[in-house]
Each structure stands twice: as C-alpha cells, then as structure tokens.
Amino acid sequence: TIMEMNNKPEKIIFLNSGINLVITGSTVIPLFKQIEEVGTELLVCGNCLNFFGKVDELLVGKVSNALEIFESLTGAAKVINI
C-alpha cells in the first residue's frame, strides 16, 4: 500500500520485535528496500537489535537510537502505530 500512496511516510520506525521485519529471515526485505528507495527513511532501534542479538542481521534501514526515534515521534505532525 505504501508504494501506491501519493504522500509516502517520511519515516518508518522499527521497535521491539518489529525489528524482525528488517533482518535476516524476513520475507518483506525487498518491499522495504523499495520503500527506502522512494525516500522513506527506515529507522531501526539499535538497543532492540542489541537486546535480541540481531545487530549483524540488519539488511535494510539505519540503526537509530532513542533520541532520534523520540525526536521523530514528537516532531511528526501525525504518528500511526501498528
């Protein structure tokens, strides 16, 4: 759906077990690579990757931190949480 939207999200943030969508074994890596290529920034919680021992498995997106994620959430005009 995101690829069909006129106004694509500026950022998608992956927290907690949501990191499993952007690491080795995820079936949606090609989709997230396309989403990233059209300008949506993918932020992945670095602490979450560390906690689950998945740092070396990240395949798409950028390792982020609590400050950047918090500023992204509080500075956004609209936040959708799924």
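In this predicted model, K62 is partly exposed, with a relative accessible area of 35%. The side chain of K62 takes part in a salt bridge with E41, in which nitrogen and oxygen lie 3.4 Å apart. E41 belongs to strand β2, which spans residues 41–45, and K62 belongs to strand β3, which spans residues 62–64, so the contact ties together parts that are 21 residues apart in sequence. E41 also counts as partly exposed, at 27% relative accessibility. K62 forms a salt bridge with E68 as well, and here the closest N and O atoms are 2.8 Å apart. Through these contacts E41, K62 and E68 are linked in a network of salt bridges.

The structure holds three salt bridges. One of them joins the side chains of K54 and E57, with a distance of 3.8 Å from N to O. K54 has a relative accessible area of 24% and is partly exposed. E57 falls in the partly exposed class too, at 23%. Both values lie in the class between buried, which means under 20%, and exposed, which means over 50%.

When neighbours within four places in sequence are left aside, V22 is in contact with F14, I29, F32, V44, E57, L58, L59 and V60. Among these contacts is E57, the residue whose side chain meets K54 in a salt bridge.

The strands β1 and β2 pair in the parallel sense, over four bridges. Within this pairing, I12 has L42 in β2 as its bridge partner. β2 is mostly covered, with four of its five residues buried. The strand therefore has most of its residues under 20% relative accessible area, the cut-off for buried. E41, at 27% relative accessibility, is a partly exposed residue of β2.

Several residues outside the strands were also considered. N16 is found in the loop between β1 and α1. The backbone of N16 has a positive phi of about 50 degrees, although N16 is not a glycine. N16 is exposed, with a relative accessible area of 52%. P30 is found in helix α1 and is likewise exposed, its relative accessible area being 54%. P30 and V60 are 30 residues apart in sequence, while their C-alpha atoms are 8.9 Å apart in space.

M3 lies in the segment before β1, which covers residues 11–14. M3 is partly exposed, with a relative accessible area of 32%. Together with L31 and V38, M3 forms a nonpolar patch on the surface, and the three residues have about 220 Å² of accessible area together. V79 counts as partly exposed, at 46% relative accessibility. The C-alpha atoms of V79 and K11 are separated by 9.9 Å, although the two residues are 68 residues apart along the chain.

How values were computed
Residues numbered from 1 in each chain as written. Predicted model: local features only at pLDDT ≥ 70, side-chain atom pairs only at ≥ 80, totals over all residues. Heavy atoms only, no water. Patch = residues over 30% accessible without salt bridge, like charges linked within 9 Å, V, L, I, M, F, W, Y side chains within 5 Å. Areas by Shrake-Rupley, 256 points an atom, 1.4 Å probe, with all protein chains shown as cover. Salt bridge = Lys/Arg side-chain N within 4 Å of Asp/Glu carboxyl O. Helix = DSSP H or I, 4+ residues; strand = E, 2+ residues; numbered from the N terminus. Buried < 20%, exposed > 50% of the residue type's maximum accessible area, 1.4 Å probe, protein only. Contact = heavy atoms within 4.5 Å. Pairing = 2+ DSSP bridges.
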